[in-house]
Amino acid sequence: MYNPVSTYRIQFNKEFDFSRLNELISYFKALGISTIYASPVFAAVPGSLHGYDDTDPTQLNPEIGTEEQFLAIRQQLREAGIGWLQDIVPNHMAYHSSNEWLMDMLEKGPLSRYANFFDTALISAFFHGRIQAPVITRPLDGALKNGEIKLCYEQMRFILEANWNKFPLKPGSYATVLKASDEVATNDIQQFLLQLDQLHHNEEPEAYALAWYELREQLAALQHTQSTANYIQKCIDTVNNDLTLLAQLASEQNYRFCPEPETRQEMSYRRFFTVNTLICLNMDDESVFLYTHSLLKKLLETDVVQGLRVDHVDGLFDPTRYLERLRQLAGNETYIVVEKILQATEPLPKWPIQGTSGYDFLALVNNVLTDQRSETAFHDYYHTLVGSDMALPDRIRYRKSFYLSQFMGGELNNLNQYFLDLNLADETALAELTAGELKLAIAELLVACPVYRYYGNTLPLDADETEAIRSLLDSIRENRPELNSALSLLENALLTKPLEGDASYTNRAMHFYKRLMQFSGPLMAKGVEDTLLYTYNRFVGHNEVGDSPERFGISLKTFHEAMQLRQQNWPLAQNATSTHDTKRGEDVRARLNVLTDLANEWLTEVQAWKQTNASLKQVGESGDLVPDANDEYLIYQNLLGAYPMPGQPDDNFAERFQDYVKKALQESKRHAVGWVVDDEYEEGVRQFIETLFDSNRPFWRRFDAFHQRIADFGIVNSLAQLVLKFMCPGVPDIYQGAEGWELSMVDPDNRRPVDFGQRQQWLTNLSARQQSNDQSVWPDLWQHRFDGRIKFWLTHKLLQERQQTASLFLQGDYIPLAVEGAYRDHILAFARQYNKVCYIVVVPLHSAQICQEQRADILGVDWQDTSVVLPATISTNWSNIISGGTGEGTKIPVKNVFTQVPVAVLRVG
């Protein structure tokens, strides 16, 4: 099995391509990176900044580079001892004209070679009607009158262009176009029409495709004759000038034009979440699986790629079957992790993989750095602020219900109709239900699901999953007794009748259950991850992917137990702290956690800011203040968390922050109709924020002083977080640029270019100082900690340790260590031990409280008798790999290891 040891995430796009990576190979080698973790590199929509909108997974993205360049870079990386972990996207592709597979399906319909590739009515009874093309701004008649749709001819095809989107005409419509002119068709055109008529007798997809391509070539060649070219252009003009004819042409295609709002209540293809521009694949079809993974298979067989990260595994019809096929294709030596959001106590299924891409680890670290004792203060302040004490579980249900009804009504309608079409209940039972009762019951089951999805792929479900579904149905009955009959019908269909052994029925019920679960994940993601996390702002530090606003810290015991289980079950899972999907960078969260250490001071400060800025608020047409209290509180938390380190360049922060808040308002949908935020409210918020940045106002002077204090304490948390990422069970992942301070906000802010030149200079200078045995390196880095070099150099040191003792981090035990003394609750300590190799890790918790109590800098804190106690199985001699200090004894005084830097990694023996 390939061991990545450490991974470094690269966000490839046209601005950061293979040639740019090639320039940095020597840097990554010197830094200590063992594996490049690449964003999708396959063909994508032109100009894509992320690659998740791929158009052909069997080809590399030409904007990133050629196959020859890729192979050359991999050879250089191999010589540098660096492997390759590739992000893949099996769930969806771009709904875009550059997606030739999709265009072929839209053109030829069921006769397309790719008809079974996409999750539509062409391959599944789950969907009904023609495939929607949600690209017009109003219903078809209005769009035609507004000139949004026109007929064109390009690239040997007639196309309908709709608001810059391009859709091919089906072959049968060519006759409609070529007969549109009142002029007599040329002989060439008449002959073409006769051949076109013969095409319809061909029903074999491959032969049909070949014959149709030859006809398209023929039509293109005919246009070299001026009279024929003139005639074709006359036909095009006639169609475009005749709205009735254009409407007929638009209405007879294999797709159907519609405005975006329609897709909120009717949906004829599976999309990624509610993103209409991403159409999902029928990956459960083995032929589709093999075709779409053909290039990947080649890269694996030639050892170009050693590992895979699977994007959005929950979107697949049967994740277990997919991962089993992937493992068979990739072989037993390939490293595989999945993007999977786990709830607090949810276990990862025992799939043939190495674990998750790290959001579960992120949440554990984020919570251990949060002071649980502050929850009541934060809770009471926030609920008084917003004038509501609605329990968070109720808020989650409300947000999921809101999102389902407003934006996923089409998916819900499809689930309801699918249940009926599959004949999962007898007509008598259905007749006893009131109108819409079954659909409401299905909706409630989706809303009540506490995890992204369940994974049962055979009926009857296993005991645990059966109990989970039955418990959900019972809880819904308590809240919605009027749905009892419909809930009983669902329970009978999914849990009871499958026990009878009717194979045909069980198969149909299983299809419904898998479809139900396939939409549970998107609802959780959009209702909670992309809506609630912008509306419930009690403490935004936990409004994070993989974490939850329901959580507010964990005990040391809980953290240690989680790490022991991680080592036992998933020692090669990734340890992420920042990703392309996180709502804020790792050092933003680390800084925000300081607020839980100083709750009273923070809440007092917020009240002062609110009073100072009260005059900046505008009164909207409704009479409400802009921004409202909830959004104002979100602004203050994120401003404090993400503002650059004191004395460092602001990196155009004011403009970036405005963009962030604009996105936050759109995601929250609290002041919006559909996706569109109220203009007056948005402008009022923009003006409020603009004035906040006026350095001459009292607010900014007070904010600046508070920010400097919190940023300083935040650095301690950041360094502790970094040490935990590298020393805990799992594979540490560095998000592109996060070897320095990572104070980004949500995408696209976290995809800004990284100053690698600066980082290379840091590495060169610090390496030279180390080689010259310069004893002032760490004191200098601490003194200038705001510039980011201290995090950078600590990252480098830890990467070196990982490389030198890779077997320890793969196989070594995780041993919680006892701490005693005055500040024992402020120290997290553990050992990693394998054979005779052992490390001891010591990091501070909630250090801001001690510093405030003693009015001291963290390195000046008097830790008194606080000590880490070593068990008899660990040697008593140690050396500090950071400061270089040494010691011995069964107890390690904390004051002896927090000398030059407030974290410690000790090598024993």
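I looked up which residues bring α15 and α21 together: I396, R399, K400, Y403 and L404 in α15 meet L523, M524, K526, G527 and V528 in α21. Contact here means heavy atoms within 4.5 Å. Helices are DSSP runs of H or I with at least four residues, strands are E runs of at least two, and both are numbered from the N terminus. By class, I have 6 nonpolar, 1 polar and 3 charged residues in this contact. Ala, Val, Leu, Ile, Met, Phe, Trp, Tyr, Cys and Pro count as nonpolar, Asp, Glu, Lys and Arg as charged, and the others, Gly among them, as polar.

Source note. The model is predicted, so I noted that local features need pLDDT of at least 70 and side-chain atom pairs pLDDT 80 or more, while totals for chains, interfaces and linings use all residues. Residues are numbered from 1 along each chain as its sequence is written, and side-chain values use heavy atoms, with hydrogens and water left out.

The axes of α15 (residues 392-407) and α21 (residues 503-529) come within 8 Å and cross at roughly 115°. That makes α15 roughly perpendicular to α21. I took axes as lines fitted to C-alpha atoms, for helices over the stretch in contact, with angles from 0 to 180 degrees between N-to-C directions. Angles under 35 degrees count as roughly parallel, over 145 as roughly antiparallel, 65 to 115 as roughly perpendicular and the rest as oblique.

α19 (residues 463-479) packs with α20 (residues 484-496) at an angle of about 175°, axes 10 Å apart. The two are therefore roughly antiparallel. I list among the contact residues I469, L473 and I476 of α19 and L487 and L495 of α20. This contact divides into 5 nonpolar, 3 polar and 3 charged residues.

I read an open sheet of 8 strands, paired in parallel, in the order β16-β15-β14-β5-β2-β1-β22-β17. Its edge strands, β16 (355-356) and β17 (574-575), each pair on one side only. Pairing requires at least two DSSP bridges between two strands. β15 (residues 335-338) pairs with β16 over 2 bridges, and V337 has G355 in β16 as its bridge partner.

K514 lies in α21 and D318 in the loop between β14 (307-310) and α12 (319-330), 196 residues apart.
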